[in-house]
Amino acid sequence: MHFAALPADIDMWVGGGTSIVAGVHRDPPGIHRFDAVAQTEVGLRLASESLYFRLDLDMQATSAPLGLPAFGLPAFVYPEWSLPAQELKIGPPEWAMLQIGREDYHLRLGIVSHAIGIEDWDSWINYFPTFSTMISTVPGRMLGVEPGLVLGDGYEVNVFGGFDLDVDAPTFGAGLTTMQALWSTWSGVAFYPTIDFYSAVVALELYPAEALSVSIDGSVGLVGAADEAGAFELKPWVGGEIIANILPTVAIHPLVRVQALHEPGGALSAFLFAPQPSLSASAGLTYTPFDELKLSLEGKVSRVEDDILPGLFALVALRRPEPPPYAAK
């Protein structure tokens, strides 16, 4: 979108979206619950030859408290948004970033959501109504700096450093992203030395045929935890998921997702203050009659400690389609 009131060399885009996720699921010990999350986002993009500004503001209302992270509901991703019923809150922006340089070299300043991991924070971009449990091991919204370099054939490498607003700790790391004709990746590493948390994520999307796209997301890391004797040490975890997006170019199409986590001694669960699912499986349908509307249904079952927890979730999302990640139109 171009506005005549702006200088001729500046383009502006204004848009956003709204979504509702609702689900019925079981929590231990055998309690059935209904939870819902409503989210609205407003976005602004300004671009010139050498500068690019992006702002995304989110507002969320929840039927609190939301369920276990086995269901990956948005308010678990941002725990400070677990609110009393009928209460609204605007959290830190998903993006509030100025990018200097739009060619090979660039520097991003402000609040940045790193392109690390398969899924985005927004319900209208996510494959399923619920988030992946793998989202627990990727960086949150960072207030800081991110210099980057675009290499040949569309590969971007960047490093970053600042303060993670979701983890509430200083962080630094690096990322690699690319979108090729047959595959893409959003990979990176993140370090939180003051809280002894370190992770690496390799996220791939493969498009072997028009009938199928496959997403593979894996995480490995170390997290500080106390052993049985009370001594503090770093403990490992490793997790991964695979998503099969069947007939992705068709308006209504099925999806399948399987996730697994191995955490000796429950170190990651202790760090996140909630038991993490060791195994989850989802099957769903997504219906996108046009770019501005998305309807999605998901049946999910998760194993958390000794409990098997089923759930059924639905999503209705409206949005204005966004321009490319670092451009305006």
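Is Q259 buried or exposed?

## Basis and a buried glutamine

The model is predicted, so that local features need pLDDT of at least 70 and side-chain atom pairs count only at pLDDT 80 or more, while totals for chains, interfaces and linings use all residues. Residues are numbered from 1 along each chain as its sequence is written, and side-chain values use heavy atoms, with hydrogens and water left out.

Q259 counts as buried because its relative accessibility is 2%, where buried means under 20% relative accessible area, exposed over 50% and partly exposed in between, with a 1.4 Å probe and protein chains only. The residue lies in strand β14, strands (E, at least two residues) and helices (H or I, at least four) being DSSP runs numbered from the N terminus. The side chain of Q259 makes a polar contact of 2.9 Å with the side chain of S132; such a contact is a pair of N or O atoms within 3.5 Å, of which, within protein, one must be able to donate a hydrogen and the other to accept it, and residues adjacent in sequence count only if both atoms are side-chain atoms. Leaving aside neighbours within four places in sequence, Q259 is in contact (heavy atoms within 4.5 Å) with residues including T133, M134, G240, S278 and K300.

## Cavities

A search of the whole structure finds 4 cavities of 30 Å³ or more, a cavity being a set of points on a 1 Å grid over the protein atoms alone where a 1.4 Å probe fits but cannot get out. The largest cavity has a volume of about 100 Å³, volume being the space filled by probe spheres set on the points, which are joined across faces, edges and corners.

Its lining comprises 14 residues, those with an atom within 4 Å of a point, and T133, M134, L261, Q276 and P277 lie nearest the centre. The largest share of this lining, 3 residues, comes from β14.

## Nonpolar cores

The largest nonpolar core has 16 residues, and F160, Y192, F197, V223, W237 and L268 have the most contacts inside it; a core is a set of buried Ala, Val, Leu, Ile, Met, Phe, Trp, Tyr and Cys residues joined through side-chain atoms within 4.5 Å. Two or more residues of this core come from each of β10 (183-192), β11 (197-209), β12 (212-226) and α2 (267-272). A second, separate core of 7 residues includes Y127, W186, A203 and I243.

Notes
On a 1 Å grid over the protein atoms alone, a cavity is a set of points where a 1.4 Å probe fits but cannot get out, and a pocket is an open set with protein on both sides within 12 Å along at least five of seven lines; lining residues have an atom within 4 Å of a point.
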